[in-house]
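Please look through the sequence and the three-dimensional structure below before reading on. The report that follows is meant to be read with both of them in view.

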Amino acid sequence: MEFLDPKLDEYAGTHTSVESELLNKINRETHLEVLQPRMLSGHLQGRFLSMIAKLSRPTRILEVGTYTGYSALCMAEGLSENGKLITIDINEELAPKIQGYFDESPWKKQIDLKIGDATQIIPGLNEKFDLVFIDADKENYAVYFDLVIDKMNPGGLIMADNVLWSGKVIQEVKLYDTSTKALIAYNEKINADIRVENILLPIRDGIMMARVK
C-alpha cells in the first residue's frame, strides 16, 4: 500500500490537519485490539474523506464496509444539519465497539449502523444519496455500484477504496488473484460508464471517485 517514499508520506501527514481525539482513539484501539488494522482508513485518507464531505455537504451518505467506524465518522463531519449517514457491515462481532464510538461522537443521532449483507440491505433503502463510500469485499464492488447508481442524486459522488490494491492491478496477468481481477474489472467498468465522470486518485491504496452526471 506504500506508493510514496515513507519520508514523503510522513511529510504529507505532518502537513495535514490533525484527526480528532475520538478518531485518534479509534486508530489506536483498532491497531491494538482488532485484526487487520491496515483496513483502517487512517489519518491522511480520513482527512481526505472529511474534506470531500465538507465540500459537498451531503444530506445522505451511504458507506458499504464500516470496519471500526473511522471513515464513517470522518465523512459525518461534513453532514448537513439534518443529514443522515447509513453504514453497513457484515461483521456483527464489532458492532458493539463501533456503536460505542458513534455514541461518543456529535453525530450519534445521525449515524445508522446496519449489520448484515449489503447486497440484501441496499435494495431496501428508500433513500437518495449524495455521497457513497465503498470499502468492503472487493469481489462485490461492481455489484454495490450497480445497486447504488440509481439511488444517487445528480452530482452525487461514489467513491471506492483500494482500487490500486497495493499495485497488483498492474502486475502480470498470471499473478492476478480473485480480488485483483475484481478491482481491475471495477476500474474498467467505471471508466466506461457514461453516467459518471471519474478520476482514480493514488491516495493511500487508491480511490476511484465517480461523479454522477
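This is a predicted model: local features need pLDDT of at least 70, side-chain atom pairs count only at pLDDT 80 or more; totals for chains, interfaces and linings use all residues.

Residues are numbered from 1 along each chain as its sequence is written, and side-chain values use heavy atoms, with hydrogens and water left out.

**The sheet**

The model contains an open sheet of seven strands, which follow the order β3-β2-β1-β4-β5-β7-β6 with mixed pairing. Helices (H or I, at least four residues) and strands (E, at least two) are DSSP runs, numbered from the N terminus, and two strands pair if DSSP finds at least two bridges between them. At the edges stand β3 (111-115) and β6 (196-201), each of which pairs on one side only. From one strand to the next, the twist averages 15 degrees; axes are lines fitted to C-alpha atoms, for helices over the stretch in contact, and angles run from 0 to 180 degrees between N-to-C directions.

| Strand pair | Sense | Bridges |
|---|---|---|
| β4 and β5 | parallel | five bridges |
| β5 and β7 | antiparallel | five bridges |
| β6 and β7 | antiparallel | six bridges |

**Strand β5 and its partners**

Strand β5 covers residues 152-161 and is mostly covered, since seven of its ten residues are buried; buried means under 20% relative accessible area, exposed over 50%, and partly exposed in between, using a 1.4 Å probe and protein chains only. On the side of β4 (residues 129-134), Phe129 has Met152 of β5 as its bridge partner, and Phe133 has Met159 of β5 as its bridge partner. Towards β7 (residues 207-212), Met159 stands opposite Met209. In the pair of β6 and β7, Glu197 stands opposite Arg211 of β7, and the hairpin of these two strands has five residues between them, among them Arg204, which takes a positive phi near 50 degrees.

**Helix α7**

How does the chain get from β4 to β5, and what is the handedness of the crossover? The chain passes through helix α7 (residues 141-148), and this β-α-β crossover is right-handed, a term used if, with the strands pointing away from the viewer, the path from the first strand over the helix to the second runs clockwise. Helix α7 packs on the sheet, where it touches β1 (60-64), β4, β5 and β6, and its direction makes about 170 degrees with that of β5; contact means heavy atoms within 4.5 Å.

Two packed helices are described by the angle between their axes and the distance between the axes. For α7 and helix α8 (residues 178-192), that angle is about 35 degrees and the axes are 9 Å apart. The contact is made by Tyr141, Ala142, Phe145 and Asp146 of α7 together with Leu183, Tyr186, Lys189 and Ile190 of α8. By class, this contact has six nonpolar, no polar and two charged residues, where Ala, Val, Leu, Ile, Met, Phe, Trp, Tyr, Cys and Pro count as nonpolar, Asp, Glu, Lys and Arg as charged, and the others, Gly among them, as polar.

**Single residues in the loops and strands**

Is Lys138 buried or exposed? Lys138 counts as buried because its relative accessibility is 9%, and its place is in the loop between β4 and α7. Its side chain makes a polar contact of 3.4 Å with the side chain of Asp135; such a contact is a pair of N or O atoms within 3.5 Å, and within protein one must be able to donate a hydrogen and the other to accept it, while residues adjacent in sequence count only if both atoms are side-chain atoms. Not counting residues up to four places away in sequence, Lys138 touches Asp161, Asn162, Trp165, Ser179, Ala182 and Leu183.

Trp165 lies in the loop between β5 and α8, and its phi is near 50 degrees, a positive value in a residue other than glycine. Ser166 lies in the loop between β5 and α8, with a positive phi near 55 degrees, and Ser166 counts as partly exposed because its relative accessibility is 33%.

Ile86 has its place in strand β2 (residues 84-89) and is buried, with a relative accessible area of 1%. Leaving aside neighbours within four places in sequence, Ile86 is in contact with residues including Ile61, Leu62, Leu125 and Phe129.
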